[in-house]
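Visitor: Hi, I'm new to this one. Can you walk me through it?
Guide: Happy to. Here it is.

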Amino acid sequence: MTTDRVTRVSYFLLRVVAGLLFFQAGALILFGWFGGMPGAASPPPMLSQVGIGGTLELVGGAAIMLGLFTRPVAFVLSGEMAVAYWQFHAPKGLWPIVNQGQPAVLFCFLFLYMAGRGGGDWSLDALLRRKRARARPVTPDR
């Protein structure tokens, strides 16, 4: 297997697994799946900060898994994780190892990387790009 192919496969797996983890977090918050939020008897109000975050994680995680609108979705999710870190973790101590903010920091920079790289070759973004290129009529040069 060539280095290029290994890179494409590993990025595909990274994108799908990161999206799945985020989708699960959103499902936990919004629907109580996987045991639900600790200490929460019911889902949060949809327009609360937790409800909006859960929606971003559920919908954004699914989009990242599929590689659909990867750049803008990953940029928004990166921002969500930056807010999560500075609002909820940093007040407990600056260093992520002290304030248990390692996942927030890791997801923030992982999604920032995805925002720059895009969905990759094996994504719905790439499929739609190829489909548009085939549908574009060929015009003669003038």
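Visitor: Where is Phe69 found?
Guide: Phe69 is in the loop between α2 and α3. Helices here are DSSP runs (H or I, at least four residues), numbered from the N terminus, while strands are E runs of at least two.

Visitor: Before we go on, what am I looking at?
Guide: This is a predicted model, where local features need pLDDT of at least 70, side-chain atom pairs count only at pLDDT 80 or more, and totals for chains, interfaces and linings use all residues. Residues are numbered from 1 along each chain as its sequence is written, and side-chain values use heavy atoms, with hydrogens and water left out.

Visitor: Back to Phe69. Is it buried or exposed?
Guide: Phe69 is exposed, because its relative accessible area is 52%. The cut-offs are under 20% for buried and over 50% for exposed, with partly exposed in between (1.4 Å probe, protein chains only).

Visitor: What about the phi of Phe69?
Guide: The phi of Phe69 is positive, about 55°, although Phe69 is not a glycine.

Visitor: Let's move to the helices. At what angle do α2 and α3 pack?
Guide: Helix α2 (residues 49-66) and helix α3 (residues 70-89) pack at about 145°, and their axes are 10 Å apart. Axes are lines fitted to C-alpha atoms, for helices over the stretch in contact, and angles run from 0 to 180 degrees between N-to-C directions.

Visitor: Which residues make that contact?
Guide: On the α2 side they include Gln49, Gly53, Leu56 and Glu57. On the α3 side, Thr70, Val73, Ala74 and Met81 are among them. Contact means heavy atoms within 4.5 Å.

Visitor: How many are nonpolar, polar and charged?
Guide: The contact of α2 with α3 has 10 nonpolar, six polar and two charged residues. Ala, Val, Leu, Ile, Met, Phe, Trp, Tyr, Cys and Pro count as nonpolar, Asp, Glu, Lys and Arg as charged, and the others, Gly among them, as polar.

Visitor: You listed Thr70. Is Thr70 buried or exposed?
Guide: Buried, with a relative accessible area of 0%. Thr70 belongs to helix α3.

Visitor: What does the side chain of Thr70 reach?
Guide: The side chain of Thr70 reaches the backbone oxygen of Gly67 at 3.3 Å. The Thr70 side chain also makes a polar contact with the side chain of Asp125, at 2.8 Å. A polar contact is a pair of N or O atoms within 3.5 Å; within protein, one must be able to donate a hydrogen and the other to accept it, and residues adjacent in sequence count only if both atoms are side-chain atoms.

Visitor: Which residues does Thr70 touch?
Guide: Not counting residues up to four places away in sequence, Thr70 touches Arg15, Ile64, Met114, Gly118, Gly119 and Asp125.

Visitor: And Met81, what is it in contact with?
Guide: Leaving aside neighbours within four places in sequence, Met81 is in contact with Phe22, Glu57, Ala104, Phe107 and Cys108. Met81 lies in helix α3 and is buried, at 8% relative accessibility. Met81 and Ala104 are 23 residues apart in sequence and 5.2 Å apart in space, C-alpha to C-alpha.

Visitor: New topic. How many aromatic pairs are there?
Guide: The structure holds nine. Rings of Phe, Tyr and Trp (its six-membered ring) pair if their centres lie within 6.5 Å; planes under 30 degrees apart count as stacked, over 60 as edge-to-face and the rest as tilted. One of the pairs is Tyr85 with Trp86, edge-to-face, at 5.1 Å centre to centre and 85° between the planes.

Visitor: Are those two buried or exposed?
Guide: Tyr85 is buried, at 6% relative accessible area. Trp86 is exposed, at 55%.

Visitor: Which residues form an aromatic cluster?
Guide: Phe23, Phe31, Trp33 and Phe34 form one.
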